[in-house]
Amino acid sequence: MFEDFFVERIIELRNKKNVSAREMSLAIGQNESYINRIENKQTFPSMQAFFYICEYFQISPKDFFDEDNFEPIKINNILKELRKLDDVQLDTVMAVIKGLQHITE
């Protein structure tokens with residue numbers, strides 16, 4: 001069960017980043033078939049390699065395993081930008097978010 005989630009999550013994040021398994025493997029310092037072997041359940045990463053994978057996606061291990069967070073990369077980037085805003089700007093962003101939620105309901 002967790003193995004399936006792990007594999008599906010890597011595939012999902014890699015596809016959202018629009019990179020091949022080979023490209024990602026090389027980017028994290030592994031041989032060119034490393035991610036492909038993970039996605040085919042032939043191997044699983046060590047903890048160190050898992051941290052490299054998270055770093056590659058610019059997410060935390062917690063974000064990786066958060067099943068309710070379908071866009072961890074985007075949300076982390078949004079949070080990074082939100083931290084730069086002052087109180088009034090954050091109130092404005094919150095009002096925009098609430099307005100967008102009303103549109104989609």
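Author: A definition is required at the outset: contact means heavy atoms within 4.5 Å. The model under discussion is predicted.

Reader: With which residues is E39 in contact, leaving aside its neighbours within four places in sequence?

Author: E39 has its place in helix α3, residues 34–39. Its side chain makes a polar contact of 2.7 Å with the side chain of R14. Once the neighbours within four places in sequence are left aside, the residues in contact with E39 are V7, I10, I11, R14 and A21.

Reader: Is E39 buried or exposed?

Author: The relative accessible area of E39 is 14%. Buried means under 20%. Because 14% falls under that cut-off, E39 is classed as buried.

Reader: At what angle do helix α1 and helix α4 pack?

Author: Two packed helices are described by the angle between their axes and the distance between the axes. Helix α1 covers residues 2–17 and helix α4 covers residues 47–57. Their axes are 11 Å apart, and the packing angle is about 30°.

Reader: Why is α1 described as roughly parallel to α4?

Author: The two helices pack at an angle of about 30°. Angles under 35 degrees count as roughly parallel. The angle therefore makes α1, relative to α4, roughly parallel.

Reader: Which residues make the contact of α1 with α4?

Author: The crossing in which α1 passes α4 is left-handed. From α1, the contact is made by F6, I10, L13, R14 and K17. From α4, the residues are F50, I53, Y56 and F57.

Reader: How many residues of the contact of α1 with α4 are nonpolar, and how many are charged?

Author: No polar residue is counted in this contact. The residues divide into two charged and seven nonpolar.

Reader: What is the separation of the C-alpha atoms of I53 and I10?

Author: I53 is found in helix α4 and is buried, with a relative accessibility of 0%. Beyond four places in sequence, I53 is in contact with I10, M24, I28, I35, I38 and P45. I53 and I10 are 43 residues apart along the chain, and their C-alpha atoms are separated by 8.6 Å.

Reader: With which residues is M24 in contact, leaving aside its neighbours within four places in sequence?

Author: M24 has its place in helix α2, residues 21–27. M24 is buried, at a relative accessible area of 0%. Its C-alpha atom is separated by 15 Å from that of E8, 16 residues apart along the chain. The contacts of M24, with the sequence neighbours left aside, are R14, V19, I35, I53, Y56 and F57.

Reader: The backbone oxygen of which residue lies 2.8 Å from a polar atom of the side chain of R9?

Author: R9 has its place in helix α1 and counts as buried, with 2% relative accessibility. Beyond four places in sequence, R9 is in contact with D63, F64, D66, N69, F70 and P72. The backbone oxygen that lies 2.8 Å from a polar atom of its side chain belongs to F64.

Reader: With the side chain of which residue does the side chain of E32 make a polar contact?

Author: E32 is found in the loop between α2 and α3 and is partly exposed, with a relative accessible area of 46%. Not counting residues up to four places away in sequence, E32 touches A21, R22, S25 and L26. The polar contact of the E32 side chain, at 3.4 Å, is with the side chain of R22.

Reader: Which residues does L26 touch, not counting residues up to four places away in sequence?

Author: L26 has its place in helix α2. It is partly exposed, with a relative accessible area of 41%. The residues that L26 touches are N31 and E32.

Reader: What is the phi of K41?

Author: Most residues other than glycine have a negative phi, and most peptide bonds are trans. K41 lies in the loop between α3 and α4 and is partly exposed, at 43% relative accessible area. Its phi is a positive value in a residue other than glycine, near 60°.

Reader: Where is Q58 found?

Author: Q58 is not a glycine, yet has a positive phi of about 60°. At 48% relative accessibility, Q58 counts as partly exposed. Q58 is found in the loop between α4 and α5.

Conventions:
Residues numbered from 1 in each chain as written. Predicted model: local features only at pLDDT ≥ 70, side-chain atom pairs only at ≥ 80, totals over all residues. Heavy atoms only, no water. Axes fitted to C-alpha atoms, helices over the stretch in contact; angles between N-to-C directions. Helix = DSSP H or I, 4+ residues; strand = E, 2+ residues; numbered from the N terminus. Parallel < 35°, antiparallel > 145°, perpendicular 65-115°, else oblique. Left-handed = near helix turned anticlockwise from the far one by under 90°. Nonpolar A, V, L, I, M, F, W, Y, C, P; charged D, E, K, R; others polar. Buried < 20%, exposed > 50% of the residue type's maximum accessible area, 1.4 Å probe, protein only. Polar contact = N/O pair within 3.5 Å; in protein donor to acceptor, adjacent residues only side chain to side chain.
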